[in-house]
Amino acid sequence: MPFIHRSLLAAAAIAAFPFAAQAQVTVKDAWVRATVPQQQATGAFMQIQAARDSKLVSASSPLTNAVEVHEMAMQDNVMRMRQVPAVELPAGKVVNLQPGGYHVMLMNLQQQVKAGDTVPITLVFEGKDGKRESVEVKAPVRPLNATAAPAAHGAHKH
């Protein structure tokens, strides 16, 4: 009997190992800004926390085939937006993707995104070991004038 017990423990440890290598990312308060008719781009915002050092490397959505990770930053006294290869996620720190900073850009929209809709977004994270983890979020669409998600919105852990 002790042999079976040790075998089960070893199997459980081996089965758990791949999960320990993943970034173990938590995404909360994800939301997307509504658009006006014919507007072809909008932003997605959220709070991201990783258990281990990792980075957000890409995103996708069935809403559009053009999704990029962007940063807004002052350059020569002008606010500029640019695509970035990744957003660093230091272990245990909350990184805010928010208006005026890092965000996920949904471009080439073929339809209006209206308040009350929900936009599915897949975020791809990469750990220091090069392993990737995908996290699916369903981001509610907030009105055009929204600047932040409501504080009472629940967390989504994946």
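Which residue takes a positive phi in the hairpin of strand 9 and strand 10? That's Gly 130, with a phi near 85°, and the hairpin has 4 residues between the strands. Bear in mind that this is a predicted model, where local features need pLDDT of at least 70, side-chain atom pairs count only at pLDDT 80 or more, and totals for chains, interfaces and linings use all residues. Numbering runs from 1 along each chain as its sequence is written, and side-chain values use heavy atoms, with hydrogens and water left out.

**Overall picture**

- The protein has 1 helix and 11 strands, counted as DSSP runs numbered from the N terminus (helices: H or I, at least four residues; strands: E, at least two).
- Of the 158 residues, 37% are buried, where buried means under 20% relative accessible area, exposed means over 50%, and partly exposed sits in between (1.4 Å probe, protein chains only).
- Take the contacts (heavy atoms within 4.5 Å) with a separation of 6 or more: 68% of them link residues 24 or more positions apart.

**Strand 9 and its partners**

- Strand 9 covers residues 118–127 and is mostly tucked away, with 8 of its 10 residues buried.
- One partner is strand 3 (residues 54–60), antiparallel over 6 bridges; two strands pair if DSSP finds at least two bridges between them.
- Within strand 9, Thr 122 stands opposite Ser 60.
- Strand 10 (residues 132–142) also runs antiparallel to strand 9, over 9 bridges, and its Arg 132 is the bridge partner of Glu 126.

**Lys 131, in the loop between strands 9 and 10**

- Lys 131 sits in the loop between strand 9 and strand 10, and it counts as partly exposed because its relative accessibility is 48%.
- Its C-alpha atom is 9.5 Å from that of Ser 54, although the two residues are 77 apart along the chain.

**Thr 64, in the loop between strands 3 and 4**

- Thr 64 belongs to the loop between strand 3 and strand 4 (66–75).
- With a relative accessible area of 8%, Thr 64 is buried.
- Beyond neighbours within four places in sequence, Thr 64 is in contact with Leu 106, Met 107, Asn 108 and Leu 109.
- A polar atom of the Thr 64 side chain lies 3.2 Å from the backbone nitrogen of Ala 66.

Technical notes: A polar contact is a pair of N or O atoms within 3.5 Å; within protein, one must be able to donate a hydrogen and the other to accept it, and residues adjacent in sequence count only if both atoms are side-chain atoms.
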